Amino acid sequence: MINPDGVIAGNYRCSSDGIDLNRCWGNPSPDAHPEIFHIKSLIKNTASERPVELFCDIHAHSRKPGIFMYGCGGRSSSKERVFPKLFSKVSPLLDYDDCSFSVSHSKRNTARMVCYNELGIQNSYTLEASFLGTREAHFTTVDLQRAGKDLCRTLFLYSQYDKRDAALREIEASIDGTEEEDDDDDDDDTGSSEGENAEESAVVPSPPPKRAL
């Protein structure tokens with residue numbers, strides 16, 4: 001959790017100073033945004049040693065039901081959709097059809113956009129779990145714990161090249177180039193605490209290159 005000082009005071013994305021921590025990734029201050037400054041530095045240092053395969057910012061959503069992911073690549077990138085597709089196969093809680101891969105300019109300083117555009121991490125996501133639960137029922141603690149375990153299982157599955165390639169072929173066969181994608185990631189550009197809950201981030205280094213047998 002990145003903003004425990006804000007969460008304990010009843011904030012969502014905001015710190016105890018009332019700063020929206022998902023709007024300062026572009027140029028974080030070591031004094032005003034020390035959490036983001038040091039996390040971003042950690043990602044940069046990791047990337048200098050080996051490519052970072054995946055970044056995932058974990059939030060809660062106040063309006064849209066279910067569990068889903070937001071990416072950055074839009075219609076131009078099929079590869080970016082592979083991880084959410086595999087996640088949906090592992091977890092019955094994640095709905096791939098509710099995932100979106102387009103973003104507006106107003107999100108340029110969010111975690112996933114900065115990691116995608118500035119740090120060059122193609123697989124850069126926000127994972128959202130609704131405050132509302134699904135369209136049929138509220139989430140329980142067990143549901144959310146299961147989603148976390150399924151996320152870890154998907155990371156393992158993603159490391160298997162045959163599973164990754166099969167998911168990519170399925171995605172490319174299903175994209176017709178006419179789909180409409182939304183950008184409703186529940187971010188409030190005024191910096192209020194409406195929308196996403198406590199922030200968490202996961203950085204996954206790339207696996208070693210595949211070697212010929």
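This note sets out numbered points on the strands, a helix, the aromatic rings and the cysteines of the structure.

1. Basis of the note. The model is predicted, so local features require pLDDT of at least 70 and side-chain atom pairs count only at pLDDT 80 or more, whereas totals for chains, interfaces and linings use all residues. Residues are numbered from 1 along each chain as its sequence is written, and side-chain values use heavy atoms, with hydrogens and water left out.

2. Strand β3. Helices (H or I, at least four residues) and strands (E, at least two) are DSSP runs, numbered from the N terminus. A residue is called buried under 20% relative accessible area, exposed over 50% and partly exposed in between, with a 1.4 Å probe and protein chains only. Strand β3 covers residues 123-130, and eight of its eight residues are buried, so the strand is largely enclosed by the rest of the structure. In a regular strand the side chains alternate between the two faces of the sheet. In β3, N123, Y125, L127 and A129 point one way, while S124, T126, E128 and S130 point the other way.

3. Partners of β3. Two strands pair if DSSP finds at least two bridges between them. Strand β1 (residues 52-61) pairs with β3 in the parallel sense over eight bridges; L54 has N123 of β3 as its bridge partner. Strand β2 (residues 67-70) runs antiparallel to β3 and is joined to it by four bridges. Here Y70 is bridged to T126 of β3, and M69 to L127. Strand β2 is covered on both faces, with I67 and M69 buried on one side and F68 and Y70 buried on the other.

4. Aromatic pairs. Rings of Phe, Tyr and Trp (its six-membered ring) pair if their centres lie within 6.5 Å; planes under 30 degrees apart count as stacked, over 60 as edge-to-face and the rest as tilted. The count by this rule is six aromatic pairs. The rings of F68 and Y70 have centres 5.5 Å apart and planes at 75°, so this pair is edge-to-face. For Y96 and F101 the centres are 6.4 Å apart and the planes are at 45°, so this pair is tilted. Both Y96 and F101 are buried. Ring pairs also link F83, F87, Y125 and Y158 into a cluster.

5. Charges over rings. A charge sits over a ring if NZ of Lys or CZ of Arg is within 6 Å of the ring centre and within 35 degrees of the ring normal. The charged end of K85 lies over the ring of Y96, 4.2 Å from its centre. The charged end of R164 lies over the ring of Y158, 4.1 Å from its centre.

6. Helix α6. R164 also belongs to the buried residues of α6, together with A167, L168 and I171.

7. Cysteines. A disulfide is a pair of cysteine sulfur atoms within 2.5 Å. A search of the whole structure finds zero disulfides. C14 is buried, with a relative accessible area of 4%, and C24 is buried, with a relative accessible area of 8%.
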